[in-house]
Structures are given as structure tokens and as C-alpha cells.
Amino acid sequence: MTEDAAPAATDPSPVMEGVAVIEAALATMPFAPGVYRMLDTKGDALYVGKARSLKKRVVSYTQIARLPERLRRMVHATRRMEIITTGSEAEALLLEANLIKKLRPRFNIVLRDDKSYPWLVLTEDHDFPQIGKHRGERRKGASYWGPFASAWAVNQTITALEKVFLLRSCRDTVFESRDRPCLLHQIKRCSAPCVERISREDYAGLVKDAKKFLSGETPTIQKRLAREMEEASMALEFERAAAIRDRIRGLTHIQGQNSINLEGVGDADVVALHQIAGQSCVQVFFFRGGRNNGNRSFFPSHLKDDAAAEEVLSAFLTQLYDDLPPPPLVLLSHDLPDAGLIAEALSLKAGRKVELHRPQRGEKRSAIDHAATNAREALERRLAEGTAQAALLEGVAQLFDLPEPPRRIEVYDNSHIQGSHAYGVMVVAGPEGFTKNAYRKYAIQGAGAHGAASEPAAAAAGAGATLIPPSIAAEVPGGLRETRRAGGGNRVASGGGDDFAMMREVFERRFGRALKEDPERQKEGWPDLVLIDGGAGQLSAAREVMAELGLGDLPLVAVAKGPDRDAGREWFHRAGAEPFQLPPRDPVLYYLQRLRDEAHRFAITTHRAGRSKAITRSELDEIPGVGSAIKRRLLHHFGSARGVRQAGLEDLRNCPGIGPSMAARIHEHFHPGVGGGNLGKG
């Protein structure tokens with residue numbers, strides 16, 4: 001694609017009306033295909049569109065009387081236009097989808113899906129390839145199969161490959177260190193190549209069969225296994241025949257698990273849309289190699305309550321395949337007016353022909369109907385949950401004197417052990433439930449991260465005393481003991497991390513950055529309510545930060561567990577008000593408990609992940625320039641990090657894949673100041 005990015009002639013003055021801005025841009029706008037962007041006074045994208053002819057398409061926005069109310073509001077807010085020319089309309093369609101996903105303009109139909117898709121990976125740079133789950137960037141020396149709709153779907157396939165083809169799933173470091181078979185071999189889910197229970201040639205045959213299975217050649221494998229079972233039985237090799245029989249049963253079980261099947265179709269996606277009450281749900285089933293790789297529900301956002309199904313589905317398809325390789329066949333629930341253009345664009349992206357088809361009968365039609373039923377049920381559940389959620393948010397607004405039900409609630413918590421591996425986290429909830437792609441984690445960088453206090457503060461507090469900043473202690477009536485008795489939750493780790501300092505750091509980083517990016521607080525992302533897992537001390541720490549940042553108007557509430565940390569006896573702390581409790585069976589109380597518990601869960605899992613990473617971190621990670629590949633070679637050659645540390649310079653040079661300069665760097669790291677002539681053990 002050839003891009004020619006050039007802003008149109010515009011006047012950024014806020015007093016210039018949108019129509020005049022568009023007319024000024026039209027003076028220099030070409031008739032070429034491309035993408036146009038309408039921007040507001042702050043430079044944020046209002047709308048991204050594509051056109052076969054930019055000038056012919058954009059001129060329609062100047063005929064304000066013919067536009068619907070939604071587009072009139074968009075034109076009125078436009079203060080600048082930018083264009084990018086492309087080589088064809090198909091290229092413009094791909095670029096439009098990419099920009100919509102990136103910029104999320106509020107007048108576009110937007111697919112809000114930040115989750116990555118898991119893939120199944122089969123390593124090929126090892127004598128005994130390993131199967132596993134993969135997300136992120138692909139690397140050389142491996143083949144990838146997918147995508148899968150969820151981690152559960154790919155885990156099911158890995159389990160099947162273990163049972164039927166006995167492939168290993170252990171890491172290379174575990175593989176190299178074993179001297180006897182693991183439990184997976186005992187339960188007949190691994191052929192134990194680590195201890196040479198299978199030859200390299202026989203294992204390669206299993207890998208070949210697994211690839212055929214992933215490519216959809218299951219019947220061929222099943223027939224061959226049946227023949228081998230009969231031959232083993234005729235030769236009185238009953239144990240071998242029984243093992244083959246178990247593999248055949250496993251294949252049969254896998255085929256029976258699919259709720260829908262597409263005979264004669266290798267790779268295809270089934271895409272069905274359902275609309276209710278101005279909202280849309282798109283259900284996608286991923287088929288690869290004739291197998292069902294799972295399904296996922298999508299809820300595209302659009303301002304138009306009367307957006308046509310075809311319009312929503314067209315926008316959805318281009319954005320879905322912006323970061324996914326499109327399959328050769330996409331089955332649709334609706335006929336699209338621009339199906340030819342979308343197919344051309346997807347073919348351009350895939351480097352091969354991609355067909356869009358709306359089936360009318362047969363198994364393909366049944367698959368579409370099944371997906372449409374799933375879309376309808378998912379949307380009905382979402383609407384029902386939204387109704388209940390709206391009532392709960394209305395209750396929250398009344399409870400905390402908010403002007404309207406909150407659309408964004410942020411909940412904060414900390415987790416650490418005596419100050420070590422300390423993390424602060426933020427979870428986000430709103431009308432649609434938890435917004436997990438907005439969750440954030442903060443590795444504590446201050447003194448609280450290690451339980452260290454300044455020497456004067458430590459001396460004043462005395463050995464083992466709990467440290468409270470003076471500015472916070474002055475705002476806690478009766479001191480820490482009284483606050484614990486009234487509301488609990490002041491979890492200051494004596495001799496360890498300072499929860500108040502941690503909370504202060506998290507708020508400074510979260511809201512300090514938000515102010516830097518949006519000083520006028522006009523963009524989305526600002527909370528309507530902030531909840532803190534803690535008591536009056538944590539609330540005072542947060543209030544102090546917010547006051548310093550000039551954000552004292554944001555509502556802050558601390559949620560502290562009652563005596564013995566009993567759920568249902570929580571105390572709620574607000575500035576300028578007495579702590580209070582809610583009736584034990586109040587639905588709003590249950591909702592606030594769920595928010596607090598989700599923050600606590602996220603904090604605990606984040607802390608555990610950080611702690612596990614620190615435990616498994618090797619001293620080889622501290623050597624500049626030593627990445628995962630070099631570390632793997634060193635561990636394979638020397639057996640352990642200790643072996644690398646004790647190796648001499650010549651030993652390091654003899655390690656496969658380690659050059660002289662890298663060997664010298666590693667040796668210098670463990671033996672600083674030792675000359676290169678020392679070739680013995682360090």
C-alpha cells in the first residue's frame with residue numbers, strides 16, 4: 001500500500017464551524033482513494049472513514065440539511081481534517097479498520113476487544129518438539145496453529161495431543177534435567193522422550209501425526225491406527241494393541257466434543273450478528289483443520305441505535321481481522337452490500353483468496369443458525385445484567401451522594417509480604433461490569449516496597465512500631481487503635497511495608513499521569529467514584545495526594561472490613577462524615593463487596609506473579625546482553641547457573657552458540673578484574 005499522508009488545508013480556530021472546515025479541506029483534496037479523519041478542537045478523532053474518491057465522499061458532509069442528526073453533531077464538532085491517500089479502495093478499507101481500532105473515534109462503530117488470541121505452538125528447533133500455549137509475537141523455529149477463542153480451548157487441544165500423540169509439554173530446562181519419567185508418562189499422556197523411552201525417529205512420527213491432526217486429517221490417522229491395532233493383535237502384542245486402542249478412543253472423543261461440525265471445510269470462521277434494543281452482539285466460531293477452536297462474543301459499540309446489521313457487521317469484520325489472519329472462508333449471517341470490497345481487502349491482507357459467503361442450506365447454514373442463537377442468548381444475558389447493574393449503580397449514587405450513577409468506578413488495593421514484592425493495583429467497573437482491559441498494576445518503587453523507613457521516623461516510632469505519616473495520623477481520630485476498632489482495614493505491616501506510602505505512590509502515579517495527558521479532564525478515563533480497600537488512614541493518604549494534584553473534587557470512599565474481617569460488616573469512610581455500615585442483606589453492599597474482592601484478588605495474583613518471577617529469576621539474567629536464547633544454551637551446556645559461574649573462559653568459548661566476546665563478558669561478570677589469560681575454573 002502506498003500512503004501519502006498529508007493534512008488538508010484547515011483553520012484550527014475553534015470559532016470556525018465544521019462545514020467551513022470541511023469546505024476549506026476540499027479545496028486541496030484529491031479524487032484518489034484513501035482515508036479521512038475528522039478531528040475536534042483537541043485533535044482527537046471524531047470519525048474515520050474510507051472512500052474510493054476522497055473528494056466525492058467528503059463533499060457530502062457539507063450538505064448539512066441532508067445529514068441525520070448524529071452526523072450533524074459530528075460535523076459541528078469538526079475543527080480539522082486529515083487525509084491519507086492509498087493505492088486502492090481495498091487498501092483504504094484496511095487502513096480505516098486499523099485507525100478505528102487504534103483511535104476509537106466516538107462516531108464510528110468500534111470493536112472494543114483488547115484481548116490477544118492464544119495459539120498452539122509446536123517447537124521445531126529441538127530433537128523432541130514440545131507443544132504449548134502461546135500469546136504475542138511469533139518466533140522462528142516453531143509452527144503455530146490457531147487462533148483459538150480462549151485459553152480453555154487451546155488447553156483442551158493440548159490435552160488431546162498429549163493423550164493421542166503422547167507429545168511432551170514440559171519446558172526444555174525440565175526436559176534436560178529429568179532422570180526418570182514424570183507423572184504425565186504414568187497416566188499415558190507423554191511418551192517420556194526425556195529418559196529415552198521412545199526413539200527420536202518414533203517421536204518424529206508422532207509429531208508428524210499431530211500435524212496431520214491439526215490440519216484436519218483425523219480420518220486418515222484413525223484408519224492407520226486401526227490397521228496398526230489389528231496387526232499388533234494378530235502378532236499377539238496385546239499391550240501395544242491396547243495402547244493404540246486408547247489413542248483411537250481419544251481421537252473419537254475429540255471429534256464427539258464439537259457441538260457443531262463443518263464437513264469438508266478446513267479453515268473457516270462462522271460470524272453471526274443479533275441486535276436487540278439498539279445493541280449488537282457478534283458471535284464468532286473459529287474452525288481450523290475442520291475442528292472447532294471455540295467461540296467468542298463481541299459487543300461492538302456504536303452511537304446509532306438504528307445502525308443496520310449489515311453496517312455493523314461490515315465494520316466488525318475489517319476490525320476483527322486487523323490483527324488476526326483471515327481464513328480462506330468466512331460464513332456470514334447477513335448479506336453485505338460491500339462484501340466484494342471486504343473480500344478483496346482481506347485477500348490483500350492474507351496474501352491469498354478470502355471468500356465471504358452467506359449459506360442458505362446444509363451444515364453451513366446450521367452452523368450460522370447455531371452461532372446466531374449464541375449471539376442472541378449472549379446479548380439477552382448482557383441486557384439482563386445491564387438492567388440489574390443499572391439499579392445497583394443508582395443505589396451507589398444515592399449512597400455516596402453522587403449527581404448521577406457512576407459510569408466508571410476505580411478500586412485500589414495493595415499486596416505485599418513484610419513490604420517485599422509490593423504491588424498496588426487498580427480495577428475498573430461500570431455499567432457493563434468489570435472492564436478488565438482497564439486494570440492496572442503498579443510495582444511499588446518507594447521505600448514502602450522494601451519495608452524501609454527513614455532513620456528519624458524509625459527512631460521516633462521505636463522498634464517494631466507501626467509507622468504512620470504525621471499528616472495522616474493527625475486526621476485519624478483516636479489514633480490507629482481506635483480506627484482498627486471502628487472500621488479495621490488499616491493494614492500497616494509492622495516492620496514491613498508502609499501501606500499509606502504505597503497508596504500515596506499509586507495515586508501519584510495514576511492521577512499524576514492522567515493530569516499530564518489530559519489537564520482539562522475532558523477525555524474518557526476519569527473515575528466518577530474511587531474506592532480504596534482500607535480504612536481512614538488509607539483514605540487520608542489518598543485525599544492528601546488528590547489535594548496536592550488539585551483533584552479534591554473526585555469522590556473518595558474507603559471500604560474497611562469490620563471486626564475479625566467479617567464480610568458483611570464493612571465500614572465505609574468518607575471525608576467529612578462519620579463511618580457507617582449498611583444492612584447485611586443490602587444489594588448495594590453485596591455489589592461493593594464484589595468490587596473490593598475483585599481488587600483484592602487482582603492484587604494477590606499480581607503479588608504472587610511478581611514473587612514467583614523473582615524466585616525463578618536466574619543470576620544469568622543480570623548479565624547485560626544475555627537473553628533467553630543464550631541463557632538456554634548456557635543452561636543446556638553447563639546444567640545450571642552455578643555451572644556457568646564456575647566455568648572458565650575457555651569452557652565458555654566452547655559452549656555452542658557463545659562467541660568469544662560473549663564468553664569474555666560472561667566470565668568478566670562472575671570474575672571481575674580477572675584477566676583473559678585465566679583459562680581455569682573460576
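This report walks through a few parts of a predicted model.

## How to read it

Residues are numbered from 1 along each chain as its sequence is written. Because the model is predicted, local features need pLDDT of at least 70 and side-chain atom pairs count only at pLDDT 80 or more, while totals for chains, interfaces and linings use all residues; side-chain values use heavy atoms, leaving out hydrogens and water.

Let's start with α8, which covers residues 200–214. Helices (H or I, at least four residues) and strands (E, at least two) are DSSP runs, numbered from the N terminus. The 15 residues of α8 reach 21 Å from first C-alpha to last, close to the 21 Å expected at 1.5 Å a residue; the expected span is 1.5 Å times one less than the number of residues.

Which residues of α8 are buried? They are Y203, L206, V207, D209, A210, F213 and L214. These residues lie on the same side of α8 because they cover an arc of only 160° around the axis, taking the directions from the helix axis to the C-beta atoms. Turned away from that buried side, the opposite face carries the exposed residues E201 and K208. Here, buried means under 20% relative accessible area, exposed over 50%, and partly exposed in between (1.4 Å probe, protein chains only).

## Two nonpolar cores

In soluble globular proteins, nonpolar side chains tend to be buried together. A nonpolar core is a set of buried Ala, Val, Leu, Ile, Met, Phe, Trp, Tyr and Cys residues joined through side-chain atoms within 4.5 Å. The largest one has 36 residues, and V271, F316, L317 and L320 have the most contacts inside it. Helix α11 (309–320) is among the elements that give two or more residues to this core, and α11 provides the largest share, seven residues.

F316 touches L111, V271, V282, V284, F298 and P300, not counting residues up to four places away in sequence; contact means heavy atoms within 4.5 Å. A second, separate core of 28 residues includes L122, A153, F213 and I221.

T157 lies in helix α5 (residues 151–165). Is T157 buried or exposed? It counts as buried because its relative accessibility is 9%. Its side chain reaches the backbone oxygen of A153 at 3.2 Å. Leaving aside neighbours within four places in sequence, T157 is in contact with L120, F148, L214 and R291.

## Rings that meet

Rings of Phe, Tyr and Trp (its six-membered ring) pair if their centres lie within 6.5 Å; planes under 30 degrees apart count as stacked, over 60 as edge-to-face and the rest as tilted. The count comes to 15 aromatic pairs. F400 counts as buried at 3% relative accessibility, whereas F580 counts as partly exposed at 22%. Elsewhere, Y412, F507, F511 and W526 form one aromatic cluster.

Most residues other than glycine have a negative phi, and most peptide bonds are trans. The bond from G146 to P147, however, is cis, with omega near 5°, and P147 is found in the loop between β7 and α5. L166 has a positive phi near 55° and sits in the loop between α5 and α6 (172–177). K188 also has a positive phi, of about 65°, and is exposed, with a relative accessible area of 56%.

Note on methods: A polar contact is a pair of N or O atoms within 3.5 Å; within protein, one must be able to donate a hydrogen and the other to accept it, and residues adjacent in sequence count only if both atoms are side-chain atoms.
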